[in-house]
Amino acid sequence: MRYAAYMQTKRNGHTMIHVLDLPGCIAQGNSPEEAEERLPQAIAEYLAWLREYGETAPPEGEPIAFDIVERNPSTVTTGLIGFYEPERVPVTEDEIERFMRLMDHARDILLRLVRDVPDSILDARPLPRVRTIREILRHIANAEHWYLTRIWHDVPRLPPRRNVFDRLALVRELAVQRLRSMTTEDRSRVVAAGDGELWSARKVFRRFLEHEREHIDEIAERLRPSGRFVR
């Protein structure tokens, strides 16, 4: 199967490629060439993930191809997450339900990954200025809350101190409520954030999935030495 891919490249060459038809599927590299080289494997792993959860996906072993259909330079303000023309298209009710299922699948993997991990490992800091696993989990929750504020200005603040697993659940509950109750206007509008970056409901769903899956991989790699790798 052939996929449309969307590339964002920093001045230093670091590149992220997004496959919008596979929300949450990304490949990164220190150069555009490296990211492109990694993309087929990223797509294959994503399709395997869909099959694992009973989602529709091409048969295993089907050839994977892609075309880079949009190439954007990245600036300090926009980072590597970008905004792409298909993200102007309003999301439908059926798409919302699919996005929600995919978010549930990603959260299931995350929680299985860290379930029963002792505090000593959750709070271990491998290097100075590197997040602990617990801090990564809190970062995931905080980012999800922040994504909601990109298209709504009345998202309630969360309690400043809370068990990280409770915080993940609380933010996700708020997200599900907001995203499932979107008005027709919410589903279709494109909003410019304070730094000029564009956001839409479709992009918010993409970022929920990309960001959580990215950190799932980070945590999984962190847990390998302890023999607790789950994927």
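## A walk from a strand pair to the helical core

Let's start with a salt bridge: Asp 67 pairs with Arg 2, and their closest N and O atoms are 2.8 Å apart. The two residues come from distant parts of the chain, with Asp 67 in strand β4 (residues 65–73) and Arg 2 in strand β1 (residues 2–9), 65 residues apart. A salt bridge here is a side-chain nitrogen of Lys or Arg within 4 Å of a carboxyl oxygen of Asp or Glu. Helices (H or I, at least four residues) and strands (E, at least two) are DSSP runs, numbered from the N terminus.

A word on the model before going on. It is predicted, so local features need pLDDT of at least 70 and side-chain atom pairs count only at pLDDT 80 or more, while totals for chains, interfaces and linings use all residues. Residues are numbered from 1 along each chain as its sequence is written, and side-chain values use heavy atoms, with hydrogens and water left out.

Back to the pair: Asp 67 is partly exposed, at a relative accessible area of 34%, whereas Arg 2 counts as exposed at 54%.

The salt-bridge rule gives a count of 24. Another of them joins Glu 34 to Arg 38, with the closest N and O atoms 3.6 Å apart. These two residues are 4 apart in helix α1, so about one helical turn separates them. Glu 34 is partly exposed at 25%, and Arg 38 is partly exposed at 43%. In helix α7, Glu 210 and Arg 206 meet in a salt bridge of 3.1 Å, N to O; they too are 4 residues apart, about one turn of the helix. Here, Glu 210 and Arg 206 are both buried. Their pairing belongs to a network of salt bridges that links Glu 87, Arg 206, Arg 207 and Glu 210.

Which side chain of opposite charge is nearest to Arg 213? Arg 213 sits in α7 (residues 201–223). Although buried, Arg 213 has no salt bridge, and the nearest side chain of opposite charge, Asp 217, is 5.9 Å away. The side chain of Arg 213 does reach the backbone oxygen of Gly 24, at 3.2 Å. Leaving aside neighbours within four places in sequence, Arg 213 is in contact (heavy atoms within 4.5 Å) with Gly 24, Tyr 46, Trp 49 and Ala 106.

Ala 106 leads us to helix α2, where it is one of the buried residues, along with others including Ile 96, Phe 99, Leu 110 and Val 114. The 22 residues of α2 should span 32 Å at 1.5 Å a residue, and the end C-alpha atoms are 32 Å apart, which agrees. The cover over its buried residues includes α1 (32–52), α4, α5 (164–180), α6 (184–188) and α7.

Leu 110, in α2 (residues 93–114), counts as buried because its relative accessibility is 0%. Beyond its neighbours within four places in sequence, Leu 110 touches Leu 137, Ile 140, Leu 168, Glu 212, Ile 216 and Ile 219.

Of its 63 residues, Leu 179 and Ile 219 touch the most other members. The helix that gives the most to this core is α2, with 10 residues. Not counting residues up to four places away in sequence, Ile 219 touches Leu 110, Leu 113, Val 114, Ile 133, Ile 136 and Leu 137.

Most residues other than glycine have a negative phi. Just after α2, though, Asp 116 takes a positive phi of about 70°. Asp 116 lies in the loop between α2 and α3 (119–122) and is exposed, at 64%. Arg 129, another residue other than glycine, has a positive phi near 70°. Arg 129 lies in the loop between α3 and α4 (133–151) and counts as exposed at 88%.

Technical notes. Buried < 20%, exposed > 50% of the residue type's maximum accessible area, 1.4 Å probe, protein only. Lys, Arg positive; Asp, Glu negative; His and termini not counted. Polar contact = N/O pair within 3.5 Å; in protein donor to acceptor, adjacent residues only side chain to side chain. Core = buried A, V, L, I, M, F, W, Y, C linked by side-chain atoms within 4.5 Å. Expected span 1.5 Å × (residues − 1).
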